[in-house]
Amino acid sequence: MYLSSMIFGCAAVSWLSILFYNGIVSSSYSEIYMLVATSLWLIANFLWMDEEVTSQTDDFIAPKTSKMMEAAMLWILFYYFVMKPLNYITFDKHGSAHLYEDSELQPRFSSYFKTWREYEHIHMFCWLG
């Protein structure tokens, strides 16, 4: 069981490099910004679960990983309460967000969330909460 956890956990963390590459190539700064929070959350969760499986306790790693998750939460809050209202970084139609428009997915609260991708990132915030 541990081996499969390591394989899929490493695959998930490794997939972040592909997502970052895609964000950089498409010059989607909003996607790159949100991937920082995603990376913090996913790596912290992976390290925490790994420690819990290998040593049967999370006393050593839990304080460190919880700080990473708190940083990810603050990163997202900063975007939605500071950067988005000031239009400092906006979700663009040319980055990965346009892929969701082809599927005709409409975000709830469309007056605030302009794309499905932007709305989707709230899901990560709820996981962190």
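Which residues touch the most other members of the largest nonpolar core? The tour ends up there, after a look at the whole chain.

**Whole chain.** Show the cartoon first. This is a predicted model. The protein contains 5 helices and 0 strands, and its elements run α-α-α-α-α from the N terminus on. Colour by burial next: of the 129 residues, 31% are buried. If contacts are drawn between residues at least 6 apart in sequence, 62% of them join residues at least 24 apart.

**Tyr-29.** Select helix 2, residues 29-55, and go to Tyr-29, which is found in this helix. Tyr-29 has a relative accessible area of 57%, so it counts as exposed, the cut-off being over 50%.

**Tyr-33.** Move to Tyr-33 and display its neighbours. Leaving out residues up to four places away in sequence, Tyr-33 touches Trp-75, Phe-78, Tyr-79, Met-83 and Ile-89.

**The core.** Now select Tyr-33, Met-34, Trp-41, Ile-76, Tyr-79 and Tyr-80. Within the largest nonpolar core, which has 18 residues, these touch the most other members. Helix 2, helix 3 (62-83) and helix 5 (116-128) are the elements that each give two or more residues to this core. Helix 2 supplies the largest share, 7 residues. In soluble globular proteins, nonpolar side chains tend to be buried together.

Key
Residues numbered from 1 in each chain as written. Predicted model: local features only at pLDDT ≥ 70, side-chain atom pairs only at ≥ 80, totals over all residues. Heavy atoms only, no water. Helix = DSSP H or I, 4+ residues; strand = E, 2+ residues; numbered from the N terminus. Buried < 20%, exposed > 50% of the residue type's maximum accessible area, 1.4 Å probe, protein only. Contact = heavy atoms within 4.5 Å. Core = buried A, V, L, I, M, F, W, Y, C linked by side-chain atoms within 4.5 Å.
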